[in-house]
Amino acid sequence: MTTTPTSTRHFVLASRPHGAPTNDNFRLETAEVPDLSDGQVLVRNEVMSVDPYMRGRMNDVKSYVPPFQIDAPLEGGAVGEVIASRSDDVAVGSHVVHGLGWREHAVLPAKGATVVDTDIAPASAYLGLLGMPGLTAYVGLTAVAEMREGDTVFISGAAGAVGQVAGQIAKLLGAERVVGSAGSAEKVERLLELGYDAAFNYKEKPVAEGLREVAPDGIDVYFDNVGGDHLEAAISALRLHGRVALCGAVSQYNATEAPAGPRNLFQAIGKGLTLRGFIVGQYPQLAAEYRAKAAGWLAEGRLRGDETFRDGLDGAPQAFIDLLEGANTGKMLVRL
Ligand code: NDP
């Protein structure tokens with residue numbers, strides 16, 4: 001039986017990063033575990049997520065999600081075991097996914113926690129393949145890019161959490177050819193094992209050149225995780241009525257100056273392109289559909305995802321810093 005701790009540890013944002021984050025931007029603190037109020041649960045976090053979007057929340061700017069506050073605990077996806085409950089809906093012993101990561105224990109309303117089935121997949125999968133990144137890949141391809149059977153699809157950041165899933169789902173949904181880019185030869189190799197038809201290392205050659213080699217006849221869909229020169233190369237490679245899902249721009253998150261936009265956007269006019277941005281949370285209606293499909297694909301062995309683990313809460317800031325540098329293959333996670 002797990003005993004309820006009296007104190008626990010969490011990370012706060014100590015200062016806002018300028019450019020790439022450093023360990024100095026984070027501070028580990030100890031706090032008392034509060035008594036539960038009616039309707040609350042106490043969760044012992046087992047695994048937490050670090051995600052690129054957290055970099056945006058460290059800036060003091062208005063966005064689709066409010067900025068982290070200095071000296072306040074950081075937040076993010078986490079899965080853990082409920083060790084105390086004052087809710088009839090969530091029993092002690094359940095595993096839940098919720099939004100209070102960056103801490104060893106979380107106290108939250110039961111309605112802010114979703115019970116997950118760790119018999120189907122390990123807890124960590126609910127932060128990757130079966131969680132927000134997986135859903136992002138599905139939403140981006142289906143509702144946003146309106147991918148069709150027979151399309152040629154290009155995915156950047158292809159070896160990351162979203163990208164690995166996106167490539168496999170594109171294939172499962174009938175794409176004729178799926179190509180990707182990633183930042184190392186090992187990652188490119190892994191993409192081919194996961195079913196990508198071709199991939200290139202964007203650090204070895206200009207993106208436009210790499211893309212021409214893997215998709216000489218052009219592309220119909222571009223799933224953009226990177227922005228910048230990747231988006232520019234994709235615009236040039238897109239065919240008539242091509243579609244872009246603007247999912248992320250990780251190449252620019254640590255930028256200290258406004259990046260130059262794609263210089264060839266005018267091509268969107270003649271080609272009748274659609275460029276559509278999205279936030280996964282804008283498509284809640286697709287969550288259940290995705291979970292059902294993904295669980296089926298997972299059980300059939302048709303959907304796989306790598307996980308890169310770091311151990312211990314103390315290592316969470318470094319895991320986040322390293323994520324933005326490409327140290328992960330698949331989902332970057334911290335075991336607590
Ligand atoms: P990843 O697992 O893909 O990790 C980030 C990756 O970014 C790194 O592994 C690294 O891989 C790559 N990277 C870092 N710098 C650069 C660069 N300068 N150029 C190209 N690649 C770079 O993260 P996620 O899968 O969680 O997220 C992928 C993208 O999707 C991000 O842009 C994220 O913000 C976005 N996103 C958007 C959501 C939405 O709702 N719109 C939801 C979730 C994610 P490499 O070694 O290949 O460089």
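Is D71 buried, partly exposed or exposed? The tour returns to this residue after a view of the whole chain.

**The whole chain.** Begin with everything displayed, bearing in mind that this is a predicted model. The chain contains 9 helices and 15 strands. Its radius of gyration is 20 Å, close to the 20 Å that the globule rule gives for 336 residues, so the chain is as compact as a globular protein of that length. Colour by accessibility next: 52% of the 336 residues count as buried. The accessible surface amounts to about 14900 Å², and carbon and sulfur atoms contribute 50% of it. If contacts with a separation of 6 or more are drawn, 68% of them join residues 24 or more positions apart. Selecting the charged side chains shows 30 positive and 41 negative ones, the centres of the two sets lying 4 Å apart.

**The largest nonpolar core.** Select V153 and I169, the residues with the most contacts inside the largest nonpolar core, which has 48 residues. The elements giving two or more residues to this core can then be displayed in order: helix 2 (132–144), strand 8 (152–155), helix 3 (161–172), strand 9 (177–182), helix 4 (185–193), strand 11 (219–224) and helix 8 (287–299). Helix 2 supplies the largest share, 6 residues. As a general background, nonpolar side chains in soluble globular proteins tend to be buried together.

**S181 in strand 9.** Remain with strand 9 and select S181. S181 is buried, at a relative accessible area of 1%. Beyond residues up to four places away in sequence, S181 touches F154, I155, S156, G157, A158, F200 and H230.

**Helix 9.** The buried ones are A316, P317, A319, F320, I321, D322, L323 and L324. To see what covers them, display elements including strand 1 (7–13), strand 2 (26–32), strand 3 (40–49), helix 1, strand 14 (307–311) and strand 15 (331–335). Just after helix 9, G326 adopts a positive phi of about 90 degrees.

**The loop between helix 1 and strand 4.** Q69 is partly exposed, with a relative accessible area of 46%. A distance drawn from the C-alpha atom of Q69 to that of A166, 97 residues apart along the chain, spans 33 Å.

D71 is found in the loop between helix 1 (53–57) and strand 4 (78–85). The opening question can now be answered: D71 is partly exposed, because its relative accessible area of 46% falls between the 20% limit for buried and the 50% limit for exposed. Its phi is near 70 degrees, a positive value in a residue other than glycine. Most residues other than glycine have a negative phi.

**E146.** Finish in the loop between helix 2 and strand 8, where E146 lies. E146 has a positive phi of about 50 degrees, although it is not a glycine. This residue is partly exposed, with a relative accessible area of 39%.

Technical notes:
Residues are numbered from 1 along each chain as its sequence is written. This is a predicted model: local features need pLDDT of at least 70, side-chain atom pairs count only at pLDDT 80 or more; totals for chains, interfaces and linings use all residues. Side-chain values use heavy atoms; hydrogens and water are left out. Helices (H or I, at least four residues) and strands (E, at least two) are DSSP runs, numbered from the N terminus. The radius of gyration is taken over C-alpha atoms; the globule rule is 2.2 Å times the number of residues to the power 0.38. Buried means under 20% relative accessible area, exposed over 50%, partly exposed in between (1.4 Å probe, protein chains only). Contact means heavy atoms within 4.5 Å. Accessible areas come from the Shrake-Rupley method with a 1.4 Å probe; for residues, only the protein chains shown count as cover. Lys and Arg count as positive and Asp and Glu as negative; His and the chain ends are not counted. The place of a charge is taken as NZ of Lys, CZ of Arg, CG of Asp or CD of Glu. A nonpolar core is a set of buried Ala, Val, Leu, Ile, Met, Phe, Trp, Tyr and Cys residues joined through side-chain atoms within 4.5 Å.
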